[in-house]
Amino acid sequence: MKSIYIGVCKTRSDKRFEESFRNFTDSICRKYSVCQMVIKDVFLPDAQNLITDSFLASDYDYLLLLDDDQWGHTAEMLECLINANTFVATIKTYSRHYPYGCSLLKSIGNNLVVPIENGEGYVECDLTGFPMTLISRDTFEYLEQPYFRPYQEAGRSWNSDVDFFSRLKERGIKPIGCFQHVLNHADITEKNVKQKRYDDRFNG
């Protein structure tokens, strides 16, 4: 039986996430050994490192990071992530901000990334964030501590994903995007994303 350590860094109260999270964990607990750790109102990289330290101190196979404003998690999504058979795999989702681009990104040079809008199956990416991201235990052998660090750019502290995936890329590891399923992000879903883009562009 594979074992999944679920980590959630929680900074908001989202009823859709909370209901989805309950249903998801209930749906996988018979097939997988599951542990969950939720850290509330802590600076994101610090919370991610606390979760990772706890994961690595356990004997669980995978760390599953979930964002606290995504919903629609399913057991099939988890199975898809595991079947990617790689270091890091992420389920497709969309940004909750206009133009609501796919959050699975590829580099086009000069520190620029663009959404992979029409991917199919498993696709190698350069940046994915951590909406529903499965990280294998041995991934952390390629990183120095702290595993998650804020990214400093233009006088701002950005989330830790840019630095995390950049350091893995230096070791020859890229995340795999899973386009077989789509996770909802706030009000953005696979069914309404095109209409939302149209409405915000022409009626916003």
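## The largest pocket

The largest pocket is lined by 44 residues, and Leu127, Gly129, Asn159, Asp161 and Val162 lie nearest its centre. On a 1 Å grid over the protein atoms alone, a pocket is an open set of points with protein on both sides within 12 Å along at least five of seven lines, a cavity is a set of points where a 1.4 Å probe fits but cannot get out, and lining residues have an atom within 4 Å of a point. This is a predicted model, in which local features need pLDDT of at least 70 and side-chain atom pairs count only at pLDDT 80 or more, while totals for chains, interfaces and linings use all residues. Residues are numbered from 1 along each chain as its sequence is written, and side-chain values use heavy atoms, with hydrogens and water left out.

The volume of the largest pocket is about 1,400 Å³; a volume is the space filled by probe spheres set on the grid points, which are joined across faces, edges and corners. At least two lining residues come from each of β1 (3-10), α2 (44-57), β3 (62-66), β6 (105-109), β7 (112-115) and α4 (161-170). Helices (H or I, at least four residues) and strands (E, at least two) are DSSP runs, numbered from the N terminus. Helix α4 gives the largest share of the pocket lining, five residues. By class, the pocket lining holds 19 nonpolar, 17 polar and eight charged residues. Here Ala, Val, Leu, Ile, Met, Phe, Trp, Tyr, Cys and Pro count as nonpolar, Asp, Glu, Lys and Arg as charged, and the others, Gly among them, as polar.

## The nonpolar cores

The largest nonpolar core has 24 residues, and those with the most contacts inside it are Ile4, Ile6, Leu64, Leu66, Leu78, Leu81 and Met132. Its elements with at least two residues each are β1, α1 (15-28), β3, α3 (75-83), β5 (88-93), β9 (132-136) and β12 (176-185). The largest share of this core, five residues, is supplied by α3. Apart from it lies another core, of 22 residues, which includes Ile39, Val88, Ile135 and Phe164. A nonpolar core is a set of buried Ala, Val, Leu, Ile, Met, Phe, Trp, Tyr and Cys residues joined through side-chain atoms within 4.5 Å. Buried means under 20% relative accessible area, exposed over 50%, and partly exposed in between (1.4 Å probe, protein chains only).

In helix α3, the buried residues are Met77, Leu78, Cys80, Leu81 and Ile82. Leucine 66, leaving aside its neighbours within four places in sequence, is in contact (heavy atoms within 4.5 Å) with Ile6, Gly7, Val8, Cys9, Phe17, Phe21, His73, Phe130, Pro131 and Met132.

## The enclosed cavity

Rolling a probe the size of a water molecule over the atoms shows where empty space is left. The structure holds one cavity of 30 Å³ or more, and the volume of the largest cavity is about 40 Å³. Its lining consists of Tyr62, Leu81, Ile82, Asn85, Thr86, Phe87, Ala89, Leu134, Ile135 and Ser136. Two or more of these lining residues come from α3 and from β9, with β9 giving the largest share, three residues. The cavity lining has seven nonpolar, three polar and no charged residues.

Asparagine 85 lies in the loop between α3 and β5. Its phi is near 55 degrees, a positive value in a residue other than glycine. Asparagine 85 counts as exposed because its relative accessible area is 69%.

## The loop between β5 and β6

Tyrosine 94 lies in the loop between β5 and β6 and counts as buried because its relative accessibility is 5%. Its side chain makes polar contacts with the side chains of lysine 92, at 3.1 Å, and glutamate 190, at 2.6 Å. A polar contact is a pair of N or O atoms within 3.5 Å; within protein, one must be able to donate a hydrogen and the other to accept it, and residues adjacent in sequence count only if both atoms are side-chain atoms. Tyrosine 94 and glutamate 190 are 96 residues apart in sequence and 8.2 Å apart in space, C-alpha to C-alpha.

Proline 99 also lies in the loop between β5 and β6, and the peptide bond from tyrosine 98 to proline 99 is cis, with omega near 10 degrees. Tyrosine 100, placed in the loop between β5 and β6, has a positive phi of about 60 degrees although it is not a glycine.
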